Amino acid sequence: MGAADIVPGVSGGTIAFITGIYPRLLHSLRNADLISLRLLLRADLVGVWQRLDGGFLLALLAGIATSILTLARVLSWCLENYPEPLWAAFFGLISASALVLLRTVDRWDLTRLSALCVGMALAVAVALAPRVTFLPGYPGVFAAGFIAICAMILPGISGSFILLLLGMYSSVLLALRELDLLFIAVFGSGAVLGLMTISRVLDYLLRRFHDTSMALLTGILAGSLLVVWPWKHTLVWAPGRDGLPRPLQQQPVLPQEYLARTGEEPWVLICLFLATMAFTVVLVLDRRGRQPPRKPE
């Protein structure tokens, strides 16, 4: 999840969904409620730890932090110098994962097929959406935090990409850089409320309507392939964290058109190789994971 969050356009929720920890993560987040707060106020740390599945969250956060500390420079360098092969690897990873997750739906009917199509349409709409003019002032900051965190927890949708679409990305980075505590507090409040809300909604849907919800989330994951398509032509630019322009709205194109429009090498063979390798790895891991354990001799 840490490695995915480093790459703009890829969601950490995607990795949680692919690796099968998504329901457990949502359940842990849902339990961060008034009951946990009362246990904390009574200094019942053991009760809070057990209710929040503390061991799971600690291991997850440690993995995210380790990944960011160890892979941030490598992935940032790859994204800066060889973005096409990096996107191709994510494309293979996500496409194979979408195929694997289709099997988690036991029986397909019109409702679940519709949910799959709605999920794909939602992800495609986000990928191709133009930049919008958002609410001014602190109400807009609060709403941006709410929406961005909801997007971040969904597989296939990047929270940072949503901030770019809302025109809030540079404002958030500037507030963090200058330690604008009021801005950070308002944005953080919106993010906390959004996280508590979306985790409860998704946890409820997965418990009550598992197959339909899985079809919807798998559709969002499949639709996000448009975001990680290796060859894209940028239509709209926006300032990044370093003040330099960064792609905001992009249009997928074929490799030869990418070369003609940008003059950049498309690295077609390398991209195909990496996408195939990532695709194969996911299928092999899934096949091994579904095999029953060997009985001891």
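How are H3 and H12 oriented to each other? I took this up as the opening entry, working on a predicted model.

**Entry 1: the helix pair.** I looked up helix H3, residues 22-30, and helix H12, residues 181-208. Their axes lie 8 Å apart, and the packing angle is about 130 degrees. H3 and H12 are therefore oblique to each other; the roughly antiparallel class would need an angle over 145 degrees. I noted the crossing of H3 past H12 as left-handed.

**Entry 2: residues in that contact.** From H3 I listed Tyr 22, Pro 23, Leu 26, His 27, Leu 29 and Arg 30. On the H12 side they meet Leu 195, Met 196, Ser 199, Arg 200, Leu 202, Asp 203, Leu 206 and Arg 207. I sorted the residues of this contact into eight nonpolar, four charged and two polar.

**Entry 3: the nonpolar cores.** Which residues have the most contacts inside the largest nonpolar core? I found Tyr 22, Ile 153 and Leu 163, in a core of 54 residues. Tyr 22 had already come up in the contact of H3 with H12. Setting aside residues up to four places away in sequence, I found Leu 163 touching Ala 144, Ala 148, Met 168, Tyr 169, Val 172 and Phe 187. Another core, of six residues, lies apart from the largest one; Ala 88, Val 253, Cys 271 and Ala 275 are among its members.

**Entry 4: Asp 211.** Is Asp 211 buried or exposed? I placed Asp 211 in helix H13, residues 210-223. Its relative accessibility is 11%, so Asp 211 counts as buried, the cut-off being under 20%. Beyond its neighbours within four places in sequence, I recorded contacts of Asp 211 with Thr 104, Val 105, Asp 106, Arg 107 and Arg 112.

Methods. Residues numbered from 1 in each chain as written. Predicted model: local features only at pLDDT ≥ 70, side-chain atom pairs only at ≥ 80, totals over all residues. Heavy atoms only, no water. Core = buried A, V, L, I, M, F, W, Y, C linked by side-chain atoms within 4.5 Å. Buried < 20%, exposed > 50% of the residue type's maximum accessible area, 1.4 Å probe, protein only. Contact = heavy atoms within 4.5 Å. Axes fitted to C-alpha atoms, helices over the stretch in contact; angles between N-to-C directions. Helix = DSSP H or I, 4+ residues; strand = E, 2+ residues; numbered from the N terminus. Parallel < 35°, antiparallel > 145°, perpendicular 65-115°, else oblique. Left-handed = near helix turned anticlockwise from the far one by under 90°. Nonpolar A, V, L, I, M, F, W, Y, C, P; charged D, E, K, R; others polar.
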